[in-house]
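Thanks for coming. I will go through one model this morning, starting with its sheets and ending with the contact between its chains.

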Number of protein chains: 2
Amino acid sequence: MTTVLRLGIAGLGTVGTGTVKIIRQKAALLEARTGCKIEISAVSARTRDKDRGVNLSSYAWEDDPVALATRDDVDVFVELMGGSDGPAKAATEAALKAGKDVVTANKAMLALHGQALAELAEANGRVLRFEAAVAGGIPVIKSLTEGLAGNEITRVLGVMNGTCNYILTRMENAGLPYEEVFEEANQLGYLEADPNLDVGGIDAGHKLSLLSSIAFGTQVHFDGVELEGIGQISIEDIHAAADMGYRIKLLGVAQMTGRGLEQRMSPCLVPAASPLGQLEGGTNMVVIEGDAVEQIVLRGPGAGEGPTASAVMGDVLDIARGTRLSTFGQPAATLVETKPAQSAAPAPYYIRMTLEDKPGALAKIATALGASGISIDRMRQYGHADTAAPVLIVTHKTRRTALNEAVIAMRETGVMLGDPVSLRIEEV
Amino acid sequence: MTTVLRLGIAGLGTVGTGTVKIIRQKAALLEARTGCKIEISAVSARTRDKDRGVNLSSYAWEDDPVALATRDDVDVFVELMGGSDGPAKAATEAALKAGKDVVTANKAMLALHGQALAELAEANGRVLRFEAAVAGGIPVIKSLTEGLAGNEITRVLGVMNGTCNYILTRMENAGLPYEEVFEEANQLGYLEADPNLDVGGIDAGHKLSLLSSIAFGTQVHFDGVELEGIGQISIEDIHAAADMGYRIKLLGVAQMTGRGLEQRMSPCLVPAASPLGQLEGGTNMVVIEGDAVEQIVLRGPGAGEGPTASAVMGDVLDIARGTRLSTFGQPAATLVETKPAQSAAPAPYYIRMTLEDKPGALAKIATALGASGISIDRMRQYGHADTAAPVLIVTHKTRRTALNEAVIAMRETGVMLGDPVSLRIEEV
């Protein structure tokens, strides 16, 4: 253990500034906990002259993050710039090659290049840690990699994008349509510059792919994540789901099945009374299921200066204490290539449709479902003033392929007005 | 890092057996994750001839746990016997002196002797870890010690005794009195041999004192925990609390105040809609609040073979990976002596009483509260058939001392039938 650990921090946005603040304000506490002085040698960001609310004058400045990453007076390179490629990746690679440990909050970079970077870190005898990349302040990487390492993990699932959860719960609580709440979130600055990263599920999908790798000992495989965003979720579905005892969440689910690794990031129904169902606003939640531990639920802020900086510091302080861990929980060379499951495991489904109000309409729909081997668990037809009858169905467990087949047959009956909405119900 | 880590396991009850099973059934997985073969050299328990559902024939047997702890072929002594003193403490001390690392699930031993044992471990250059001692399978020690080490912790609170939470939620859901549910829990084997360890809050108090030490850098001080059990909680209070939007939990709270360290383990009201309020049955929950991370909630099984063994293995695998941490998150010599707060921080209180139904009765009570500087936030008087009126009051924030003073004055009004019940409302 060195008695001084010197950091180079690249990226001085919210998270970078928050990290600098913790190091400046809590020097004695951090030293007491690690036996090591945590110092900042140099920083780097796109613009130098900007008031960030924190005094940076005692740190060297580098315009080029690669130059920062390879400085002699830097032991740990802290990458908080973001972006899957470009300067973040170049600087991370340069740091590892120069024998620096790396701490990053960059989910996109790791989701796309995690395997290569983990191999590079190990080839150079360095660690590459990324607690802040998943679920903000929640110590989920640590819990999964270390605390629960005695478990065969059976499933990891959760709400990993606070913005989507904000939009969905706000729609429900205020009774507003998606477009209006999306605009509101945009005004509030909750959305990424490319909003599809949030509402398209990409950001959350990146996170899920990282958790999958640790949980199942597989190489990160973001392309294997089945992605579906929240843009198609209507206020009608939110209300109808609530009426059946569910809430709609953008839910990430990873589980190893006999058919391969299943990774899904899509809107799902979860029981309203479950911890996931009760999650409001921008909060994140990750549920880890293991053969010994049964089920652990972790809940906390998924973003923001303090929480994300807290996660960055967790990794930095591990290094200060001499903890040396493989990036994905085991040596990169031992991670097996991911074999993606070709179809999702069976689940109950929610189907909402509008039927013509005439004799035999419902029977035709039930027959179409039955012909695809799908049986009905619960069904509700609502009172209505005109000739269009709103109908909700919750099926017993079935496969998506069977459901798609049934939907074609349902259309062919000619009693359905418009297209039905179908959403997976995740049992939790 | 050694390539083989050899364990000596003392205590083959539920947790010991569960630990042996994980090691036997998951050898390849554990080696992949740690780069180290995890082996058992020897075991020890009170009775040798007993079918524990696991094959122990390949391990040496020791009748004496001290002999086990000091064997040459043991690298890590795993203490799962329990008991604050006696063989558990003797063997732990012997192991540390003999240069073995120690993993234990023994909350009582650490609550009473944690400081001395941590000092002994450090004097011998060994680690003493205890994840399984607090909140079963939840990696709460790891989260607090490592993941959240960049935070100044402001409060730790939670439900840490599953049996008490089972009793309280079962009373509510089945509408049964305490005595009946207590008997039921006893029949189901949920209670300790000395039930007061559970329902008196002692077991949970032990756990709280360990969390306090890590959170605030103080020496473990179990005697500083203000203890109150659940034996006085009536079904009437559970229903009345629910009616005001609360649930009653045996809640542990530790917080550092200007007046010293406050540690309380007592029945409190929490908002029914909060994660703590929603906790059912034997599940545990720990809420950690820090200046950077805001609030993290950890939920999981608080006991049982698999979950507790999972926690034991988390510590064992840390050691296998070469992670070396101080027992309470910083060197034992730097932990400061605890200065207990003499009185709890102000809080709102719930008061339930029965008043004589005559003019001016309520006014007299309100006057008595006002004279002690206590103002009323909400009040409900219920309809009643006889001359005894049930009344509920939720106060604004006040101190327990002021409340006790007010209760004396309320009694002196002569309008109160019997004694009032007052419970703290913990804001969360």
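In chain B, six strands make an open sheet in the order E3-E2-E1-E4-E5-E6, with parallel pairing. Strand E3 (60–61) and strand E6 (128–129) of chain B are at the edges with a single partner strand each, so one side of each has no neighbour in the sheet. On terms: helices (H or I, at least four residues) and strands (E, at least two) are DSSP runs, numbered from the N terminus, and two strands pair if DSSP finds at least two bridges between them.

Before going on, this is a predicted model: local features need pLDDT of at least 70, side-chain atom pairs count only at pLDDT 80 or more, and totals for chains, interfaces and linings use all residues. Residues are numbered from 1 along each chain as its sequence is written, while chains are lettered from A and ligands numbered from 1 in the order in which they are written.

Strand E2 (residues 37–44) of chain B pairs with E3(B) in the parallel sense over two bridges, and Ala42(B) stands opposite Ala60(B) in E3(B). Helix H4 (residues 86–97) of chain B lies across strand E1 (4–10), strand E4 (76–79), strand E5 (101–104) and E6 of chain B, and runs at about 170 degrees to E4(B). Axes here are lines fitted to C-alpha atoms, for helices over the stretch in contact, and angles run from 0 to 180 degrees between N-to-C directions.

Chain A also has an open sheet of six strands, in the order E3-E2-E1-E4-E5-E6 with parallel pairing. Four bridges join strand E4 (residues 76–79) and strand E5 (residues 101–104) of chain A in the parallel sense. In E5(A), Asp101(A) is the bridge partner of Val76(A).

Now two helix pairs in chain B. How do helix H13 (residues 361–371) and helix H14 (residues 400–412) of chain B cross? Their axes come within 8 Å and cross at roughly 150 degrees; H13(B) and H14(B) are therefore roughly antiparallel. The cut-offs are under 35 degrees for roughly parallel, over 145 for roughly antiparallel, 65 to 115 for roughly perpendicular, and oblique for the rest. Ile365(B), Ala368(B), Leu369(B) and Ala371(B) in H13(B) meet Ala406(B), Ala409(B) and Met410(B) in H14(B), where contact means C-beta atoms, placed from the backbone, within 7 Å.

In the other pair, helix H7 (residues 162–174) and helix H11 (residues 235–243) of chain B pack at about 75 degrees with axes 10 Å apart. H7(B) and H11(B) are therefore roughly perpendicular to each other. Leu168(B), Met171(B) and Glu172(B) in H7(B) meet Ile235(B), Ile238(B) and Ala242(B) in H11(B).

Last, the contact between the chains, which takes 50 residues from chain A and 50 residues from chain B. Helix H2 (27–34), helix H6 (140–147), strand E12 (294–301) and helix H12 (305–320) of chain A each supply at least two residues of chain A's side. Three bridges join E12(A) to strand E12 (residues 294–301) of chain B, and the two run antiparallel. Within this pairing, Val297(A) stands opposite Arg299(B).

Is H6(A) mostly covered or mostly open? Mostly covered: eight of its eight residues are buried, that is, 20 or more other C-beta atoms lie within 10 Å of their own, with 12 or fewer counting as exposed and in between as partly exposed. Their cover includes helix H6 (140–147) and helix H12 (305–320) of chain B.

Definitions and conventions:
Two residues are in contact if their C-beta atoms, placed from the backbone, lie within 7 Å.
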